[in-house]
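Subject: Structure handover

Hello,

Here is the structure I said I would pass on. My notes on what was found follow below it.

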Amino acid sequence: MKILVTGATGKFGSKVVEALLKTIPASDLVVSVRNPEKAEGLRALGVEVRHGNFDQPKTLDSAFSGIDRLLIISTFGDYETIMRQHTNAVAAAERAQVKFIAYTSITNASESKFFLASSHRAREEAILKTGIPYSFLRNNWYFENEIGNIQGAKVGAPWITSAEKGKVGWALRQDLAEAAANVLSGKGHENTVYELSGKLITQEKLVSALEDVLGKEVHVQQVNDATYADIMKGAGVSEAYLPMLVNTQKGIRDGGLEIESNDLEKLLGRPSTPVNEALSQIISQIS
């Protein structure tokens, strides 16, 4: 059985590959990357490296040839770009007669009003239309997304948020990647939807855990969206990036990531990494 991971040199894809190599022979694993030279380390391990670019459909035909199980890692950008890229990948999977597609989606994509959900919903629907067996891996929110805030807290800055009491199911990228690897290499995952989330907590609960790990007080500053945008801009965030940050806060405030689920624990066969331990890992990496 041949398993292929797209975007295998990226932050998420590289961790999926790392997890897969612990459970399957390297000869069963193929990676599709835009820049094959960046995957020489994988090639040295016996992994087959193929050139695949979502903006160049012909490369995907050769990349997906002979593949049984495929992981499409969602791309990022404006709606038109990501839909074009995704459509190219799904069409290539159809032409290659891939037998199973796993896709990294977002929490409650089929119903959520969270600002990222509509594009993921459309991408899930594109896969459904093919009739190919699938698994939608609806990842909640990475702890790693908070690295900037954590770094600020370390040097005494307040934790700025406009999310109020909205809850998030933060999880380490490593845990979510391991879950994806288990779906790709395991059995019985055809036509499934997994809501992959850590324990749901508020910003205040997260910061309380951070205080324990840092051994110092961190002030939570709740503001409105306009003030949040002004503060982020003053901190050096580019104008282009500000709407995404504000929409994230609004989405959390409105409950867009607040889905109770133990799917992550089921797929891992263990609890997801506890909050304090996850924060400790991140802090050790950025120190």
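Helices (H or I, at least four residues) and strands (E, at least two) are DSSP runs, numbered from the N terminus. This is a predicted model, in which local features need pLDDT of at least 70 and side-chain atom pairs count only at pLDDT 80 or more, while totals for chains, interfaces and linings use all residues. Residues are numbered from 1 along each chain as its sequence is written, and side-chain values use heavy atoms, with hydrogens and water left out.

Loops with a positive phi

Asn191 is placed in the loop between helix H7 (173-185) and strand E10 (192-196). Its phi is near 55°, a positive value in a residue other than glycine. Most residues other than glycine have a negative phi. Asn191 counts as partly exposed because its relative accessibility is 46%; buried means under 20% relative accessible area, exposed over 50%, and partly exposed in between (1.4 Å probe, protein chains only).

Asn108 also has a positive phi, about 55°, and is not a glycine. The loop that holds Asn108 runs between strand E5 (100-106) and helix H5 (117-130). With a relative accessible area of 19%, Asn108 is buried.

Helix H8

Does the span of helix H8 agree with its length, or disagree? At 1.5 Å a residue (times one less than the number of residues), the 12 residues of H8, 203-214, should span 16 Å, and the end C-alpha atoms are 16 Å apart, which agrees. The buried residues of H8 are Gln203, Leu206, Val207, Ala209 and Leu210. Seen down the helix axis, they fall within an arc of 160° (taken from the directions from the axis to the C-beta atoms), so they line one face of H8. The face turned away from that buried side carries the exposed residues Lys205 and Asp212. Among the elements that cover the buried residues of H8 are helix H6 (147-154), strand E9 (170-171) and helix H12 (275-286). After H8 comes Gly215, with a positive phi near 70°.

Strands E1 and E2

Five of the five residues of strand E2 (residues 29-33) are buried, so E2 is largely enclosed by the rest of the structure. Leu29, Val31 and Val33 are buried on one side, and Val30 and Ser32 on the other. Strand E1 (residues 3-6) runs parallel to E2 and is joined to it by four bridges; two strands pair if DSSP finds at least two bridges between them. Thr6 stands opposite Ser32 in E2.

Aromatic rings

Rings of Phe, Tyr and Trp (its six-membered ring) pair if their centres lie within 6.5 Å; planes under 30 degrees apart count as stacked, over 60 as edge-to-face and the rest as tilted. The count comes to five aromatic pairs. One of them is the tilted pair of Phe114 and Phe115, at 5.2 Å centre to centre with 45° between the planes. Phe114 is buried at 4% relative accessibility, and Phe115 is partly exposed at 28%. Phe143 and Trp170 form a stacked pair, 6.5 Å centre to centre with 20° between the planes. Phe143 lies in the loop between strand E7 (141-142) and H6, and Trp170 lies in strand E9, 27 residues apart. Both are buried.

Ring pairs also link Phe114, Phe115 and Trp141 into a cluster. Thr248, in helix H10, is in contact (heavy atoms within 4.5 Å) with Phe114, Phe115 and Trp141, leaving aside its neighbours within four places in sequence.

Regards
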